[in-house]
Amino acid sequence: MTALFRNPFRTRVPYRKSDIPWTARRSSPWLREIIEVAVLFLAAGTTHLFASFLGHHTYGPVVLIGLGAAVIAGSVVRAWWVGRHGHAAHHAPHLEARRGAGSARQVEVRPAQPPATESREEDEQVLWRIRTTVQDTPGSLAALCSSLADRAVNILALQVHPLADAVVDEFLVGAPPRVTAGELAAAIGSAGGTGTWISRADAHDLVDIPTRMLTLAVRAAEASELPAVLRGLLGECEIRWMPAPADLPQEGEPDGTTMRLPDAEGGVLVVSRPGLPFTPAEFARAHALAEVAIRLGPREPRWTLMLPNGAEVTIRRAGRQDLAAVTAMHRRCSPETLYRRYLAHKREVSQLDSLLSARFGYTLVANTPDGDVVAMANLMWDGSTAELGVLVEDAWQRQGLGTALVRRLIAFAADADIDTVYAIAQPGNTATIRMMQRLGMPLDRRIDNGTLIITVHVAHAAASSAVPRQP
């Protein structure tokens, strides 16, 4: 049996001899010769009959001449057609037909190709915030963008901060996970960027600047909480309060990594961000928010809460005007209650005044319809973290009032971009432990110098929508 036409990209399937058509099988030599002789006899007989038929008619020579001319014309046309369209194209169908006739049972199997799917790594992106200084010349920004594009980095947002003799470009980019911060810094440096600062970002940074400024302005007007608002604008920074000097300039520019802003309650807020100088644009935005807080003043959000015993209280933000009512509540509390809150049996009036100041924290109180303060909860600023403290008058305990206050403070901390909130208590203070557990959020506990520190990671809880919103 002759070998079939072999294609290196095809695989033949075994077959039986009976499956091959008889036209594709090799015949014996003597049988083929007999068939050729029979065909010769048949052709000769046909030619004799045709010649005899035409010989008895007068138009016979004319028919023969016409047939010869037709054959010659057909040959000429065929030669012209083959010369124009190519010999291979003309014979390809016939070759394929012959191959197909000789391998009717041949099955073509091609190697399996992997599906064309996009890499999951390229689909996922890591968000980075980049700030770099470049020369204020045409093409400098294009060089930065081209260098980032060579590493498959997608620019999602761009801010331009003009300086006296240069430009600070701030990018929010999405990069493949394989691209590291060092590679980003190298790409920017090769394009002429200097003083590059790179940090991880999250989805909240995708909000455009006008929308973010309007949101922060509303927060500054409603809560008059300028330190938290400034952290939402400027990122990680340190904010301190100091008395206002007589020569405080109302306008100007930041002094490198420090800026001074007027406080709504008097004095000056000193904002510091080591390692990342403030730009004039950032100073102008921060000063505008400070003006909003000063001109509109504080607005007190209020919530009405019905307790299990049927009593109704109002939760609101406290200020220095509540010092007398808060002092009276402390006098009504037992020494044990005060010790669980402050780890001391009393609190000086001057210290209570600092708890009610917006410069140091955010305080909520619970008022009865008679105007008495029966509970107080504080968030005291500590950089990007805050200390949580709760005090409930003895007669109003075990009604869920402390938990309601803490829920509101945790929700405020999430809105103010505070990363971590912690509470300090005695290891045996089961009331505080149960109150923190009722938040339904992951807690970290550790003992330090005989005190229990309970920590809530607000940023992680906010990302997973675990921050409580209702009292």
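Modeller: In helix α8, L226, V229, L230, L233 and L234 meet E282, R285, A286, L289 and A290 of helix α9, where contact means heavy atoms within 4.5 Å. These residues divide into 8 nonpolar, no polar and 2 charged. The model is predicted, and local features need pLDDT of at least 70, side-chain atom pairs pLDDT 80 or more, while totals for chains, interfaces and linings use all residues. Residues are numbered from 1 along each chain as its sequence is written, and side-chain values use heavy atoms, without hydrogens and water.

Biologist: At what angle do the axes of α8 and α9 cross?

Modeller: The axes of α8 (residues 226-234) and α9 (residues 280-296) come within 10 Å and cross at roughly 155°.

Biologist: Why is α8 called roughly antiparallel to α9?

Modeller: Angles over 145 degrees count as roughly antiparallel, so at roughly 155° α8 is roughly antiparallel to α9. The crossing of α8 and α9 is right-handed.

Biologist: Why is L338 called buried?

Modeller: Buried means under 20% relative accessible area; L338 has 8% and is therefore buried. L338 lies in helix α11 (residues 335-342).

Biologist: What makes α13 mostly covered?

Modeller: In α13, 13 of its 15 residues are buried.

Biologist: How does the reach of α13 stand against the expected span?

Modeller: The expected span of a helix is 1.5 Å times one less than its number of residues. Helix α13 (residues 401-415) has 15 residues and reaches 22 Å from its first C-alpha to its last, close to the 21 Å expected. Just after α13, D417 takes a positive phi of about 60°.

Key: Axes are lines fitted to C-alpha atoms, for helices over the stretch in contact, and angles run from 0 to 180 degrees between N-to-C directions. Helices (H or I, at least four residues) and strands (E, at least two) are DSSP runs, numbered from the N terminus. Angles under 35 degrees count as roughly parallel, over 145 as roughly antiparallel, 65 to 115 as roughly perpendicular and the rest as oblique. A crossing is left-handed if the near helix is turned anticlockwise from the far one by less than a right angle, and right-handed if clockwise. Ala, Val, Leu, Ile, Met, Phe, Trp, Tyr, Cys and Pro count as nonpolar, Asp, Glu, Lys and Arg as charged, and the others, Gly among them, as polar. Buried means under 20% relative accessible area, exposed over 50%, partly exposed in between (1.4 Å probe, protein chains only).
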